[in-house]
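Subject: Structure for you to look at

Hello,

Here is the structure I promised to pass on. Please open it beside this email; my notes follow below it.

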Amino acid sequence: MASSPSGTSSGSEDIQQLMDQRKRKRMISNRESARRSRMKKQKHLSDLMVQVNQLKDQNDKIVTNINMLTQVYLNVEAENSVLRAQMAELSHRLQSLNEIINCLNSAATIIDDTEVNGEDDFLNPWNLLHVNQPIMASADVFMY
């Protein structure tokens with residue numbers, strides 16, 4: 001069972017060739033795996049870029065919508081201010097008119113009391129209405 005030096009060298013070459021073949025397979029496999037990894041990374045990056053563009057579009061639409069709604073809000077606030085001012089003015093007018101009505105009612109009560117007391121109707125301003133006649137003027141009066 002003696003082995004010849006050429007047989008050991010032949011077996012050693014076979015082992016070396018087998019190891020080289022495995023090394024080449026591993027290298028090819030690693031290259032393919034790296035290529036797939038790069039492609040996967042590129043696809044992921046591409047998907048992220050698409051998502052970024054979609055989100056930018058959504059953001060632009062939201063900003064436009066916010067700007068429009070802000071303008072509507074400002075317009076409504078301005079209109080509200082005008083309406084509040086008008087309400088205050090109308091409330092003031094109503095209060096003034098109610099005061100006038102109260103004064104007139106008080107005057108009417110006083111007039112009724114004077115009629116009951118038998119005072120002279122000549123001093124009663126409500127009975128003097130027939131004395132007050134409208135004043136009519138024409139252009140002829142002013143020409144000499």
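Accessible areas come from the Shrake-Rupley method with a 1.4 Å probe, and for residues only the protein chains shown count as cover. On that basis the protein has an accessible surface of about 13,600 Å², and carbon and sulfur atoms hold 60% of that.

The model is predicted: local features need pLDDT of at least 70, side-chain atom pairs count only at pLDDT 80 or more, and totals for chains, interfaces and linings use all residues. Residues are numbered from 1 along each chain as its sequence is written, and side-chain values use heavy atoms, leaving out hydrogens and water.

The protein has one helix and zero strands. Helices (H or I, at least four residues) and strands (E, at least two) are DSSP runs, numbered from the N terminus. Of the 144 residues, 2% are buried, where buried means under 20% relative accessible area, exposed over 50%, and partly exposed in between (1.4 Å probe, protein chains only).

There are four salt bridges, each a side-chain nitrogen of Lys or Arg within 4 Å of a carboxyl oxygen of Asp or Glu. E89 pairs with R93 at 3.2 Å, N to O. These two sit four residues apart in helix 1, so about one helical turn separates them. Elsewhere, shared partners join E32, R35 and R36 into one network. In it, E32 meets R35 at 2.3 Å and R36 at 4.0 Å. E32 is partly exposed, at 32% relative accessible area.

Regards
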